[in-house]
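Thank you for sending the coordinates; my comments are set out below as numbered points. Please read them alongside the sequence and the structure.

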Amino acid sequence: MAGPLTSLKVLDFSTLLPGPYATMMLADMGAEVLRIEAPDRVDLTKVMPPFDGKISTAFSYLTRGKETLQLNLKQTEAVEKVKELVRDYDIVVEQFRPGVMDRLGIGYDTLKAINPQLIYCAITGYGQTGPYRNRAGHDINYLSLAGVSSHCGRADSGPPPMGIQVADVAGGSHHAVMGILAAVIERQQTGEGQFVDISMTDAAFALNAMSGAACLAGGQEQAPETALLNGGSFYDYYRTRDNRWLSIGSLEPQFSARLCETLVLSEMKSLALSQNPEHQQTLKAALKEKVSEKTLAEWQEIFADQDACVEPVLTISEAAEHPQLKARGMVIEVDRGDGTQQRQLGFPIKFEKASS
């Protein structure tokens, strides 16, 4: 695929989600990606339902734009093949626990001796250092240890199991791509490659962002439904008459005023701006009652022309048909390999060169 990274070649040793998602992003931007697949070890995304024909939808999505080479890395000839390949590649991405690639004979020190310009990115749960470096984990564990889960969800029901993999993708995949591309820029200046160490727990901890700043510098320990953006204010989700949900994010004065006017709650405009938790709960109760009086479709029609930061909670299939996402090309058709097309999530970064 043509794109800004067409000059880069990537060797991808990763499986499951974080590494493959990162290399898919690189491929979507034009990089040449070669997956190294173990013939004796099944990538779990291959057997994860649902299937489109004989192929898992997750696997076909995560491997788009990539070529595949099967190598048993426990065999000497496979190791020699990797050493041969790495002479012509810019980037290696792997997702093994620390030390595994070294034991296979293709760790960073070995490969950089062959290609000093190599950029080697290792994505792990906890990073290459620290007491948890060899500990097993999953997205839910990284979010928990990073403090993210502690201030999500409801006070009476605890943290929610997320519908997306925040630590894996926002943490592992996206930070890996950022780290790799930063290393590419430095290599352009120095001619040298480097090791990029991505810890999904580190990245998830950094995603605490404003909540982290409030805690570390402001001394405010975060908890569910206690802050402006986690349910502690009227910024929240509200159930409609037909058991759908409406999101209300009308924080700024002009938006909260418009919200109250539209809902015929003008007398509550001042409550929206109040820092008093009791005022916020009073407004939330009023919003809850109002929203429950109409269906989601009715609210969509009412707020269609109101610039008030109020939107429906859509399913993925509904979102795929939303005119905004369709206009942005966020659902694409990808060849299954037999001339037929499969619908997939599109690439979210848009590039446009100035016309001459």
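This is a predicted model: local features need pLDDT of at least 70, side-chain atom pairs count only at pLDDT 80 or more; totals for chains, interfaces and linings use all residues.

1. I would begin with strand β7 (residues 119-124), where six of the six residues are buried, so the strand is largely enclosed by the rest of the structure. Both of its faces are covered, with I119, C121 and I123 buried on one side and Y120, A122 and T124 buried on the other.

2. The neighbours of β7 are strands β6 and β8. Strand β6 (residues 91-94) runs parallel to β7 and is joined to it by four bridges, with V93 as the bridge partner of C121. Strand β8 (residues 195-199) also pairs with β7 in the parallel sense, here over five bridges, and V196 of β8 stands opposite C121.

3. Leaving out residues up to four places away in sequence, I91 touches L8, K9, V10, L11, L118, I119, I180 and V184.

4. P18, which is found in helix α1, is worth a look in the viewer. With a relative accessible area of 4%, P18 is buried, and beyond its neighbours within four places in sequence it is in contact with Q95, I123, D168, S173 and M200. The C-alpha atoms of P18 and A170 are separated by 9.0 Å, although these residues are 152 apart along the chain.

5. Which residues form a nonpolar patch on the surface? They are L16, V42, L44, V47 and F51, which together have about 450 Å² of accessible area. V42 sits in the loop between β2 (32-37) and β3 (51-52) and is exposed, its relative accessible area being 55%.

6. The salt bridges come to 15 in total. One of them pairs D12 with K66, whose closest N and O atoms are 3.8 Å apart; D12 lies in strand β1 (residues 9-12) and K66 in strand β5 (residues 66-70), so the pair ties together parts that are 54 residues apart in sequence. D12 is buried at a relative accessible area of 1%, and K66 is buried at 11%. In another salt bridge the side chains of K46 and E37 meet at 3.2 Å, N to O; here K46 is partly exposed, at 32%, while E37 is buried, at 10%.

7. My last point concerns D236 and its strand. Strand β10 (residues 245-248) runs antiparallel to β9, and four bridges join the two, with D236 standing opposite I248. The two strands form a hairpin with five residues between them, and N243 in the turn has a positive phi of about 60 degrees. D236 also forms a salt bridge with K284, the closest N and O atoms being 2.6 Å apart; this pair links β9 to helix α12 (residues 277-291), across 48 residues of the chain. Both D236 and K284 are buried, and salt bridges with shared partners join R154, E225, D236 and K284 into one network.

Key
Residues are numbered from 1 along each chain as its sequence is written. Side-chain values use heavy atoms; hydrogens and water are left out. Buried means under 20% relative accessible area, exposed over 50%, partly exposed in between (1.4 Å probe, protein chains only). Two strands pair if DSSP finds at least two bridges between them. Contact means heavy atoms within 4.5 Å. Patches are made of residues with over 30% relative accessible area and no salt bridge: like charges are joined within 9 Å, nonpolar side chains (Val, Leu, Ile, Met, Phe, Trp, Tyr) within 5 Å. Accessible areas come from the Shrake-Rupley method with a 1.4 Å probe; for residues, only the protein chains shown count as cover. A salt bridge is a side-chain nitrogen of Lys or Arg within 4 Å of a carboxyl oxygen of Asp or Glu.
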